[in-house]
Amino acid sequence: MPDPIRLLLADDQQMVRAGFRLVLDAQPDMSVVGEANNGVEAVALVDELSPDVVLMDIRMPVLDGLGATEKIMTTHPAARILILTTFDLDEYVHAALRAGASGFMLKDAGPTELLAAIRAVHDGDSVVAPSATRRLIERFIPRQGETAVTMTDPKLVDSLSDREREVLICVGEGLTNAEIAERLYLAETTVKTHIGHILAKLGLRDRVSMVITAYDAGLVRPGR
């Protein structure tokens, strides 16, 4: 049996951490190896414990989840961080995704959703549903006349083939692989292959990065 997924919980509410630990430690493929009360502790524990996945609260004292994510990704670029947020979506989440977090989910998500998200992040995937990603990005991408701080050189997309560009646009619009396959008259396995090529060519981590890149490059506009 593979080693369990080693988890670090970063949340300033002890009861929240206790609730998460109760659920997570009950899974045969998961183990909570540490708890942090604030972002500074989270950064230090990542250095000390090298967890597989960090569950990162956004609002914490001393150093918030955004600052902690930025610091962790600077020294541990392969780290997998799952941002936790409230229903209203915090503007910090967008910056955290740009900083390299693997996705976000609502703090009131059920156990099944939480466990699936952790396993997906551990496997190198994004846990943000495409439609939710689109709503998040559209809320915080600068509108016309505003200045954008891009994470990707827009010229990098010039390396993509026409078909790969089409797939990137579809991902940016929030379509699932099945929906992309239907729109472009492709097999779903072919869509997955194109997505793999896009990630490799542009040096991206996951689907979240693809969505942000599509907006950065001007391939998708807010409200489209």
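By contact I mean heavy atoms within 4.5 Å. I'm keeping in mind that this is a predicted model.

**Entry 1: D57**

I found D57 in strand β3, which covers residues 53-57. Is D57 buried or exposed? I get a relative accessible area of 5% for D57, and the cut-off for buried is under 20%, so D57 counts as buried.

Next I looked up what D57 touches. Skipping the neighbours within four places in sequence, I see D57 in contact with A10, D11, D12, G65, L84 and K107.

**Entry 2: α7 against α9**

Then I moved on to a helix pair. Helix α7 (residues 162-172) packs with helix α9 (residues 188-202) at an angle of about 95°, and I read their axes as 10 Å apart. Angles of 65 to 115 degrees count as roughly perpendicular, so that is what I call α7 relative to α9.

Who makes the contact? From α7 I listed R163, E164, V167, L168 and V171. On the α9 side I have H194, I195, H197, I198, K201 and L202. Sorting the residues of this contact, I get 6 nonpolar, 2 polar and 3 charged.

A side note on spacing: an α-helix has 3.6 residues a turn, so residues three or four places apart point the same way.

Notes. Residues numbered from 1 in each chain as written. Predicted model: local features only at pLDDT ≥ 70, side-chain atom pairs only at ≥ 80, totals over all residues. Heavy atoms only, no water. Helix = DSSP H or I, 4+ residues; strand = E, 2+ residues; numbered from the N terminus. Buried < 20%, exposed > 50% of the residue type's maximum accessible area, 1.4 Å probe, protein only. Axes fitted to C-alpha atoms, helices over the stretch in contact; angles between N-to-C directions. Parallel < 35°, antiparallel > 145°, perpendicular 65-115°, else oblique. Nonpolar A, V, L, I, M, F, W, Y, C, P; charged D, E, K, R; others polar.
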